[in-house]
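Thanks for asking me to look this one over with you. Please keep the viewer open while you read, as the points below go residue by residue.

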Amino acid sequence: MPAAIRDVMPAFELFQPTSVADTLGLLDRHGADAWVMAGGLDTFDWLKDRIRRPKIVVDLSGVAELRGISESGGGLEIGALTTLTEVANHAMVKERYALLAEAAGLVASPQIRNQGTLGGNVAQDARCWYYRAGWPCYRAGGNICYADTPTSVNREHAIFDADRCVAVNPSDTAPALIALDAQMVIRRGSAERVVPAQEFFVGPGVNITRLTMLGPGDLLTSIRIPGTWAGKQFYFEKVRDRQVWDFALVNIASAIDSSGSSIAGARMVVNGVAARPYRLEAVEAFVRGKARNAQTADQAAQLAVQGAAPLRHNAYKVPLMQALVKRAIRGGDEWTS
(Lines give C-alpha, C1' and ligand atoms only; values in the text may rest on other atoms or scores of the structure.)
Protein backbone atom coordinates (compact mmCIF):
# COMPACT_ATOMS: atom_id res chain seq x y z
CA MET A 1 0.00 0.00 0.00
CA PRO A 2 1.64 3.30 -1.03
CA ALA A 3 2.24 5.89 1.65
CA ALA A 4 -0.32 8.66 1.72
CA ILE A 5 0.87 12.25 1.54
CA ARG A 6 -1.59 14.74 2.96
CA ASP A 7 -1.84 18.43 3.75
CA VAL A 8 -1.16 19.87 7.16
CA MET A 9 -3.63 19.22 9.94
CA PRO A 10 -6.72 21.35 9.31
CA ALA A 11 -7.65 24.11 11.69
CA PHE A 12 -10.48 23.53 14.16
CA GLU A 13 -12.06 25.39 17.04
CA LEU A 14 -11.28 23.85 20.44
CA PHE A 15 -13.71 23.97 23.35
CA GLN A 16 -12.79 22.77 26.84
CA PRO A 17 -15.96 22.70 28.97
CA THR A 18 -15.80 22.08 32.70
CA SER A 19 -19.29 20.65 33.26
CA VAL A 20 -21.62 18.13 31.67
CA ALA A 21 -24.21 20.87 31.18
CA ASP A 22 -21.76 23.02 29.22
CA THR A 23 -20.66 20.01 27.19
CA LEU A 24 -24.22 19.12 26.24
CA GLY A 25 -24.85 22.72 25.28
CA LEU A 26 -21.87 22.69 22.93
CA LEU A 27 -22.92 19.39 21.38
CA ASP A 28 -26.46 20.63 20.89
CA ARG A 29 -25.26 23.86 19.32
CA HIS A 30 -22.75 22.34 16.92
CA GLY A 31 -24.39 18.98 16.13
CA ALA A 32 -22.54 16.91 13.54
CA ASP A 33 -19.72 19.49 13.34
CA ALA A 34 -18.59 18.62 16.88
CA TRP A 35 -15.99 15.93 17.59
CA VAL A 36 -15.95 14.66 21.18
CA MET A 37 -12.50 13.89 22.58
CA ALA A 38 -12.05 11.87 25.77
CA GLY A 39 -8.50 10.56 26.39
CA GLY A 40 -7.65 11.60 22.84
CA LEU A 41 -5.89 8.44 21.70
CA ASP A 42 -8.31 7.58 18.90
CA THR A 43 -8.79 11.27 18.11
CA PHE A 44 -5.08 11.98 17.80
CA ASP A 45 -4.67 9.13 15.32
CA TRP A 46 -7.39 10.55 13.08
CA LEU A 47 -6.06 14.11 13.30
CA LYS A 48 -2.40 13.15 12.82
CA ASP A 49 -3.31 11.23 9.68
CA ARG A 50 -5.38 14.19 8.43
CA ILE A 51 -8.32 11.86 7.69
CA ARG A 52 -10.90 13.57 9.92
CA ARG A 53 -11.39 17.31 9.60
CA PRO A 54 -13.74 18.39 12.39
CA LYS A 55 -14.76 22.02 12.65
CA ILE A 56 -15.21 21.76 16.41
CA VAL A 57 -13.33 19.60 18.95
CA VAL A 58 -14.90 19.31 22.41
CA ASP A 59 -12.21 18.24 24.88
CA LEU A 60 -13.77 16.51 27.91
CA SER A 61 -10.62 16.44 30.04
CA GLY A 62 -11.82 19.25 32.29
CA VAL A 63 -15.23 17.70 33.09
CA ALA A 64 -14.64 16.25 36.55
CA GLU A 65 -18.25 14.96 36.75
CA LEU A 66 -17.38 12.31 34.16
CA ARG A 67 -14.66 10.74 36.33
CA GLY A 68 -14.79 8.32 39.22
CA ILE A 69 -16.16 5.01 40.45
CA SER A 70 -18.94 4.81 43.02
CA GLU A 71 -21.38 2.30 44.46
CA SER A 72 -24.84 2.52 42.94
CA GLY A 73 -27.96 0.35 43.23
CA GLY A 74 -26.10 -2.69 44.51
CA GLY A 75 -23.47 -2.37 41.79
CA LEU A 76 -21.02 0.23 40.52
CA GLU A 77 -21.25 3.33 38.35
CA ILE A 78 -18.13 4.29 36.45
CA GLY A 79 -17.74 7.72 34.87
CA ALA A 80 -17.00 7.54 31.17
CA LEU A 81 -13.85 9.64 31.60
CA THR A 82 -12.37 7.31 34.24
CA THR A 83 -8.98 6.10 33.05
CA LEU A 84 -8.37 2.47 32.23
CA THR A 85 -5.62 2.41 34.85
CA GLU A 86 -8.07 3.46 37.55
CA VAL A 87 -10.59 0.84 36.42
CA ALA A 88 -7.93 -1.87 36.42
CA ASN A 89 -6.61 -0.93 39.87
CA HIS A 90 -9.77 0.08 41.73
CA ALA A 91 -10.38 -2.10 44.80
CA MET A 92 -14.15 -2.46 44.32
CA VAL A 93 -13.79 -3.31 40.62
CA LYS A 94 -11.13 -5.92 41.38
CA GLU A 95 -13.15 -7.42 44.22
CA ARG A 96 -16.56 -7.62 42.53
CA TYR A 97 -15.90 -7.41 38.79
CA ALA A 98 -12.41 -8.76 38.24
CA LEU A 99 -13.40 -9.49 34.64
CA LEU A 100 -13.51 -5.76 33.84
CA ALA A 101 -10.38 -5.01 35.85
CA GLU A 102 -8.46 -7.63 33.88
CA ALA A 103 -9.80 -6.47 30.52
CA ALA A 104 -8.93 -2.83 31.28
CA GLY A 105 -5.48 -3.86 32.46
CA LEU A 106 -4.73 -5.57 29.15
CA VAL A 107 -5.47 -2.58 26.92
CA ALA A 108 -2.31 -1.52 25.07
CA SER A 109 0.49 -0.27 27.36
CA PRO A 110 0.64 1.36 30.83
CA GLN A 111 1.19 4.80 29.30
CA ILE A 112 -1.90 4.44 27.10
CA ARG A 113 -4.00 3.12 30.00
CA ASN A 114 -2.97 6.15 32.06
CA GLN A 115 -4.44 8.45 29.41
CA GLY A 116 -7.14 6.32 27.80
CA THR A 117 -10.62 6.24 29.30
CA LEU A 118 -13.26 3.56 29.68
CA GLY A 119 -15.70 5.58 27.61
CA GLY A 120 -13.11 6.14 24.92
CA ASN A 121 -12.22 2.46 24.81
CA VAL A 122 -15.80 1.39 24.15
CA ALA A 123 -16.55 4.26 21.75
CA GLN A 124 -13.40 4.04 19.61
CA ASP A 125 -13.73 3.58 15.87
CA ALA A 126 -12.81 0.59 13.70
CA ARG A 127 -9.11 -0.09 13.17
CA CYS A 128 -9.31 -1.57 9.65
CA TRP A 129 -6.17 -0.25 7.93
CA TYR A 130 -7.98 0.52 4.67
CA TYR A 131 -10.54 2.63 6.51
CA ARG A 132 -7.98 4.30 8.78
CA ALA A 133 -5.78 5.16 5.79
CA GLY A 134 -8.60 7.09 4.16
CA TRP A 135 -9.64 4.65 1.44
CA PRO A 136 -13.21 5.39 0.25
CA CYS A 137 -14.76 2.18 1.61
CA TYR A 138 -18.36 1.54 2.65
CA ARG A 139 -17.66 2.66 6.21
CA ALA A 140 -16.20 5.91 4.90
CA GLY A 141 -19.15 6.55 2.59
CA GLY A 142 -17.89 4.73 -0.52
CA ASN A 143 -19.25 1.68 -2.31
CA ILE A 144 -16.64 -1.05 -1.78
CA CYS A 145 -15.00 -2.98 1.05
CA TYR A 146 -11.30 -3.03 0.24
CA ALA A 147 -10.71 -5.66 2.93
CA ASP A 148 -13.02 -8.14 1.20
CA THR A 149 -11.52 -8.63 -2.25
CA PRO A 150 -9.40 -11.51 -3.66
CA THR A 151 -6.18 -9.58 -3.03
CA SER A 152 -7.07 -8.01 0.33
CA VAL A 153 -5.00 -8.17 3.49
CA ASN A 154 -7.70 -9.22 5.95
CA ARG A 155 -5.98 -11.24 8.64
CA GLU A 156 -7.58 -9.21 11.45
CA HIS A 157 -11.09 -8.88 10.06
CA ALA A 158 -14.52 -10.38 10.73
CA ILE A 159 -15.65 -13.99 10.52
CA PHE A 160 -19.24 -13.28 11.60
CA ASP A 161 -22.06 -10.97 10.55
CA ALA A 162 -20.27 -9.21 7.71
CA ASP A 163 -22.62 -6.87 5.84
CA ARG A 164 -20.57 -5.07 3.17
CA CYS A 165 -17.99 -4.05 5.82
CA VAL A 166 -15.74 -6.66 7.48
CA ALA A 167 -14.09 -4.42 10.11
CA VAL A 168 -14.20 -5.66 13.72
CA ASN A 169 -14.80 -3.97 17.03
CA PRO A 170 -11.36 -3.37 18.64
CA SER A 171 -12.35 -2.84 22.29
CA ASP A 172 -11.07 -5.04 25.12
CA THR A 173 -13.48 -3.69 27.74
CA ALA A 174 -16.61 -3.96 25.57
CA PRO A 175 -17.01 -7.76 25.82
CA ALA A 176 -16.40 -7.63 29.57
CA LEU A 177 -19.12 -5.00 30.03
CA ILE A 178 -21.61 -7.03 28.01
CA ALA A 179 -20.76 -10.17 29.97
CA LEU A 180 -21.44 -8.21 33.17
CA ASP A 181 -24.80 -6.97 31.82
CA ALA A 182 -23.68 -3.35 32.08
CA GLN A 183 -25.79 -0.38 31.06
CA MET A 184 -24.61 2.71 29.19
CA VAL A 185 -25.90 6.10 30.31
CA ILE A 186 -26.25 8.52 27.39
CA ARG A 187 -27.23 12.18 27.61
CA ARG A 188 -28.50 14.45 24.86
CA GLY A 189 -29.70 17.90 25.83
CA SER A 190 -31.94 17.48 28.88
CA ALA A 191 -32.79 13.86 28.05
CA GLU A 192 -31.10 10.76 29.44
CA ARG A 193 -31.42 7.23 28.14
CA VAL A 194 -29.97 4.05 29.60
CA VAL A 195 -29.28 1.20 27.18
CA PRO A 196 -27.86 -2.30 27.71
CA ALA A 197 -24.22 -2.53 26.69
CA GLN A 198 -25.13 -5.20 24.15
CA GLU A 199 -27.39 -2.72 22.32
CA PHE A 200 -24.88 0.13 22.57
CA PHE A 201 -22.73 -1.53 19.90
CA VAL A 202 -24.10 -1.77 16.36
CA GLY A 203 -23.21 -3.75 13.27
CA PRO A 204 -22.99 -2.52 9.66
CA GLY A 205 -26.54 -3.68 8.97
CA VAL A 206 -27.74 -1.04 11.45
CA ASN A 207 -25.23 1.74 10.73
CA ILE A 208 -22.18 1.12 8.60
CA THR A 209 -20.57 4.46 9.49
CA ARG A 210 -20.13 3.84 13.22
CA LEU A 211 -19.60 1.02 15.75
CA THR A 212 -21.89 2.39 18.46
CA MET A 213 -25.32 3.98 18.70
CA LEU A 214 -23.80 7.37 19.66
CA GLY A 215 -24.87 10.07 17.23
CA PRO A 216 -24.41 13.85 16.95
CA GLY A 217 -25.32 15.49 20.24
CA ASP A 218 -24.94 12.30 22.28
CA LEU A 219 -22.62 12.08 25.26
CA LEU A 220 -21.76 8.83 27.03
CA THR A 221 -21.60 9.93 30.67
CA SER A 222 -21.23 6.70 32.65
CA ILE A 223 -21.42 2.92 32.70
CA ARG A 224 -23.53 1.16 35.32
CA ILE A 225 -22.74 -2.41 36.32
CA PRO A 226 -25.46 -4.22 38.29
CA GLY A 227 -24.76 -6.56 41.17
CA THR A 228 -26.14 -9.55 39.23
CA TRP A 229 -22.78 -11.03 38.28
CA ALA A 230 -20.67 -9.58 41.09
CA GLY A 231 -18.19 -12.09 42.46
CA LYS A 232 -18.99 -14.83 39.95
CA GLN A 233 -16.36 -16.90 38.19
CA PHE A 234 -14.74 -14.82 35.48
CA TYR A 235 -12.43 -15.53 32.59
CA PHE A 236 -10.78 -13.05 30.22
CA GLU A 237 -8.17 -13.82 27.62
CA LYS A 238 -6.74 -11.65 24.90
CA VAL A 239 -4.77 -13.15 22.01
CA ARG A 240 -2.59 -10.66 20.17
CA ASP A 241 0.56 -10.61 18.09
CA ARG A 242 2.61 -8.76 20.72
CA GLN A 243 2.19 -8.44 24.45
CA VAL A 244 1.89 -4.64 24.43
CA TRP A 245 0.37 -2.02 22.14
CA ASP A 246 -1.53 -4.50 19.99
CA PHE A 247 -5.25 -4.81 19.59
CA ALA A 248 -6.73 -8.27 20.09
CA LEU A 249 -6.85 -10.74 17.27
CA VAL A 250 -9.59 -12.39 19.34
CA ASN A 251 -10.55 -11.91 22.97
CA ILE A 252 -13.14 -13.53 25.21
CA ALA A 253 -14.95 -12.45 28.36
CA SER A 254 -17.09 -14.84 30.36
CA ALA A 255 -19.00 -14.80 33.61
CA ILE A 256 -20.15 -18.16 34.99
CA ASP A 257 -22.42 -18.84 37.93
CA SER A 258 -21.70 -22.34 39.19
CA SER A 259 -23.87 -24.59 41.31
CA GLY A 260 -21.66 -27.34 42.62
CA SER A 261 -19.96 -28.85 39.58
CA SER A 262 -22.67 -27.60 37.20
CA ILE A 263 -23.14 -24.32 35.39
CA ALA A 264 -26.20 -22.48 36.67
CA GLY A 265 -25.83 -19.61 34.22
CA ALA A 266 -23.29 -17.98 31.95
CA ARG A 267 -22.63 -14.94 29.80
CA MET A 268 -19.94 -15.26 27.17
CA VAL A 269 -18.78 -12.61 24.69
CA VAL A 270 -16.06 -12.69 22.02
CA ASN A 271 -14.56 -9.66 20.31
CA GLY A 272 -12.36 -9.26 17.27
CA VAL A 273 -14.61 -11.51 15.19
CA ALA A 274 -17.43 -9.13 14.16
CA ALA A 275 -18.23 -5.43 13.92
CA ARG A 276 -19.82 -5.60 17.37
CA PRO A 277 -18.89 -7.73 20.38
CA TYR A 278 -20.25 -11.18 19.57
CA ARG A 279 -22.33 -12.61 22.39
CA LEU A 280 -22.54 -16.41 22.36
CA GLU A 281 -26.17 -16.74 23.43
CA ALA A 282 -26.54 -20.24 21.95
CA VAL A 283 -23.52 -21.37 23.97
CA GLU A 284 -24.89 -19.76 27.12
CA ALA A 285 -28.17 -21.65 26.70
CA PHE A 286 -26.38 -24.91 25.91
CA VAL A 287 -24.09 -24.94 28.97
CA ARG A 288 -26.81 -24.01 31.46
CA GLY A 289 -27.31 -26.96 33.81
CA LYS A 290 -24.39 -28.94 32.39
CA ALA A 291 -21.23 -30.06 34.13
CA ARG A 292 -18.25 -27.76 33.77
CA ASN A 293 -16.00 -30.34 32.15
CA ALA A 294 -14.13 -31.12 28.95
CA GLN A 295 -17.13 -32.66 27.21
CA THR A 296 -19.27 -29.57 27.77
CA ALA A 297 -16.38 -27.34 26.68
CA ASP A 298 -15.81 -29.30 23.46
CA GLN A 299 -19.48 -29.24 22.49
CA ALA A 300 -19.79 -25.55 23.34
CA ALA A 301 -16.73 -24.73 21.22
CA GLN A 302 -18.27 -26.43 18.19
CA LEU A 303 -21.51 -24.55 18.72
CA ALA A 304 -19.73 -21.22 19.14
CA VAL A 305 -18.33 -21.12 15.60
CA GLN A 306 -21.42 -22.22 13.72
CA GLY A 307 -22.07 -19.73 10.93
CA ALA A 308 -18.49 -18.46 10.78
CA ALA A 309 -17.50 -17.27 7.31
CA PRO A 310 -13.72 -16.69 7.28
CA LEU A 311 -12.04 -14.47 4.72
CA ARG A 312 -8.93 -15.38 2.76
CA HIS A 313 -6.42 -14.73 5.56
CA ASN A 314 -8.33 -15.10 8.84
CA ALA A 315 -9.54 -18.70 8.97
CA TYR A 316 -7.21 -19.15 11.97
CA LYS A 317 -9.78 -17.23 14.04
CA VAL A 318 -12.15 -20.20 13.96
CA PRO A 319 -9.96 -22.70 15.89
CA LEU A 320 -8.62 -19.83 18.01
CA MET A 321 -12.14 -18.88 19.06
CA GLN A 322 -12.94 -22.53 19.79
CA ALA A 323 -9.90 -22.79 22.04
CA LEU A 324 -10.87 -19.63 23.93
CA VAL A 325 -14.42 -20.89 24.51
CA LYS A 326 -13.05 -24.17 25.85
CA ARG A 327 -10.65 -22.34 28.16
CA ALA A 328 -13.39 -20.02 29.42
CA ILE A 329 -15.60 -22.96 30.34
CA ARG A 330 -12.75 -24.90 31.87
CA GLY A 331 -11.50 -21.84 33.74
CA GLY A 332 -8.27 -21.67 31.77
CA ASP A 333 -7.40 -25.36 31.87
CA GLU A 334 -8.58 -26.66 28.52
CA TRP A 335 -7.19 -30.14 28.92
CA THR A 336 -8.23 -31.27 32.39
CA SER A 337 -10.88 -33.99 32.20
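Predicted model: local features only at pLDDT ≥ 70, side-chain atom pairs only at ≥ 80, totals over all residues.

1. Residues are numbered from 1 along each chain as its sequence is written, and side-chain values use heavy atoms, with hydrogens and water left out.

2. Let us begin with helix α1, residues 20-30. Helices here are DSSP runs of H or I with at least four residues, strands are runs of E with at least two, and both are numbered from the N terminus. V20, T23, L24, L26, L27 and H30 of α1 are buried, where buried means under 20% relative accessible area, exposed over 50% and partly exposed in between, with a 1.4 Å probe and protein chains only.

3. What do the buried residues of α1 pack against? Their partners are β1 (13-15), β2 (34-37), β3 (56-59), β6 and β8 (219-225), with contact meaning heavy atoms within 4.5 Å. On the face turned away from the buried side, α1 carries the exposed residues A21, D28 and R29. Just after α1, G31 has a positive phi of about 55°.

4. Two other residues deserve a look for their backbone angles. Most residues other than glycine have a negative phi. D161, in the loop between α8 (129-132) and α9 (173-179), has a positive phi of about 55° and is exposed at 53% relative accessible area. D181 sits in the loop between α9 and β6 (183-188); its phi is near 60°, and at 30% relative accessibility D181 counts as partly exposed.

5. Next, please turn to α12 (residues 294-304) and α13 (residues 317-330), whose axes come within 8 Å and cross at roughly 145°. The axes are lines fitted to C-alpha atoms, for helices over the stretch in contact, and angles run from 0 to 180 degrees between N-to-C directions. From α12, the residues that meet α13 include A297, A300, A301 and A304, and their counterparts in α13 include M321, V325 and I329. By class, this contact has 8 nonpolar, 3 polar and 3 charged residues.

6. Which residues of α12 are buried? They are T296, A297, A300, A301 and A304. Seen down the axis of α12, they fall within an arc of 130°, so they line one face of the helix. Their cover includes β12 (278-279), α11 (281-287) and α13, whereas the exposed residues Q295 and Q302 are on the face turned away from the buried side.

7. A polar atom of the T296 side chain lies 2.6 Å from the backbone oxygen of A291. Not counting residues up to four places away in sequence, T296 touches F286, V287, K290, A291 and I329. At the start of α12, a side-chain oxygen of N293 also reaches to within 3.3 Å of the backbone nitrogen of Q295.

Methods
Nonpolar A, V, L, I, M, F, W, Y, C, P; charged D, E, K, R; others polar. Arc of directions from axis to C-beta. Polar contact = N/O pair within 3.5 Å; in protein donor to acceptor, adjacent residues only side chain to side chain.
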